Amino acid sequence: MLFRSRVDCHPDKEPAPSEARCLSRGCLWCPGGGDGVPSCITRPDYGYHMDSLQVEDNGYRVLLSRASTDSSYFGGDFDLLTATFTYESDYRLRIRIAPEDTDGQPRYEVPITINPPVSAPSADVQYAVDFANSPAFGFQVKRRATDRVIFDTAALGGFTFADQFIQLTIKLPSENAYGIGENEQHSYRQNFSSGEVYGLYTRDQFPDGTANMYGVQPYYTVVEPDGNTHSVVILNSNAQEFALHPAPAYIYRTIGGILDIYIFLGPTPEQTVSQFTEAIGRMPVPHYWSLGFQLCRFGYNNIENMKAMVNRTEIAGIPQDVQYADLDNLDRFLSFTYDPVNFAGLPEFVDELHAKGMHFVISTEAYISSNEPNYKPLELGNELDVWVKRPDGTPFLAQTYFFPEVPCHYPDFSKNVTVQWWSQLVAEFHDVVDYDGLWLDMNEPSVTGGGDMEQGCEGSSRYNYPPYLPGKLLNYAI
């Protein structure tokens, strides 16, 4: 039971925690708790104090000042924060916490549009917010119908907001919690006694325990003891982690940005999903054919093998709706091409599939070879200036899995002109191969080697080598 009230003040495991390192952070050294119980723990008064609480038409605005100036995990703590609690609808609450003293440098926020709810909040909002200020600031979100606390940052403490280390402990009303991807989890329901730490940061990585994988979903759902359900999403795209705490609680940590949290009150699981997708945008209804039987593999090697596989499937009486061409169909792995030798006649084969009522999906890559002559994706990308840049303004060059010796450029999809570039290439390639779906493989900025092929990975960069690395992150520095 001792672990249930402790927040680890030494989440970085190398070098190992020691009394000297612990005390230098202004934390408490309490060894002897047993396996998995932290010896270096956060003081109860660690964090921030509430200087003012302003009631607004749609919520609260809270000004916070740092309470424990002699305590810091990794330095760089902000002294002043503003927390806003916005009642966006009867079922949606937004919590935004950001620093005030940034020396004119805005903190990064995820550049996506959150859709407004269909109706404004009324007198019947499903939630209420309570605040604590002793021994340190914290808040609770309650479900009004049951008076149950569903989101509690006051119970365990440890709230931290530094330049490259943000921490928020979230005590849960139940151990029936699900979500947090993308990583390998052995059950849908999370095991809070396991002490697992799930690191989130996109990379080209197959399932490997708690290691970060292809996607990031900082979203979880909790079924409360009485069956009511709520979901939470934290809008942050920096490297981050969710550590499972036996309270039960999530200890959320990230190394950049702000805290931008949306809570969806449901109260059914289906309603929380509907409320979440209302906010971020609903998925389009998939093409009917995409729900059918599909075949794909890397290693057809040539179009004859692909045709033979389609024929065998038909002879066996197996209905096939979709045939894929993986990256081995490309001409020397160049995006928006197909191999004119091994896959000669591919456009005609696609026409044959269409005549049978089948569909065809072809793959391509986001990275672009930088030294291929007479290559439209490269030439148009140079013309429109779409590449990810180095600090000196020249295009970033890196190795990839399929191009180990060829320097590649990476499109900067945060630019509007890059969307124009991509759209033109997609349309022109469709004129060559009449595909029904385009499979963008390796859409993460997947890089092998040590960063830039010419300039390496800057060793002194605090962004490449942050003071804390969340989770079991792999291939972090690019």
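Predicted model: local features only at pLDDT ≥ 70, side-chain atom pairs only at ≥ 80, totals over all residues.

Trainee: What makes C9 and C27 a disulfide?

Mentor: A disulfide is a pair of cysteine sulfur atoms within 2.5 Å. For C9 and C27 the S to S distance is 1.8 Å, so the pair qualifies under that cut-off. C9 sits in the segment before α1 (19-24) and C27 in the loop between α1 and β1 (28-29), 18 residues apart, so the link spans distant parts of the chain. Helices (H or I, at least four residues) and strands (E, at least two) are DSSP runs, numbered from the N terminus.

Trainee: And why is the pair C22 and C40 called a disulfide?

Mentor: Their S to S distance is 2.3 Å, so this pair also falls within the limit. The link is right-handed, with 95 degrees about the S-S bond. It ties C22 in helix α1 to C40 in strand β2 (residues 40-41), again distant parts of the chain. The structure holds 2 disulfides, and their pattern is 1-3, 2-4, counting bonded cysteines along the chain.

Trainee: How do you know whether C22, C40, C408 and C296 are buried or partly exposed?

Mentor: Buried means under 20% relative accessible area, exposed over 50%, and partly exposed in between (1.4 Å probe, protein chains only). C22 has 0%, so it is buried. C40, at 1%, is buried too, and so is C408, at 0%. C296 has 36%, so it counts as partly exposed.

Trainee: Why is strand β15 said to be largely enclosed?

Mentor: Because 6 of the 6 residues of β15 (residues 229-234) are buried. Both faces are covered: T229, S231 and V233 on one side, H230, V232 and I234 on the other.

Trainee: What makes β15 a partner of β14 and of β18?

Mentor: Two strands pair if DSSP finds at least two bridges between them. β14 (residues 217-223) has 5 bridges to β15, and β18 (residues 259-264) has 4, so both pairings pass, each antiparallel. Y219 is bridged to V233 of β15, while I234 stands opposite I261 in β18. β14 and β15 form a hairpin with 5 residues between them, and G227 in the turn has a positive phi of about 95 degrees.

Key:
Residues numbered from 1 in each chain as written. Heavy atoms only, no water.
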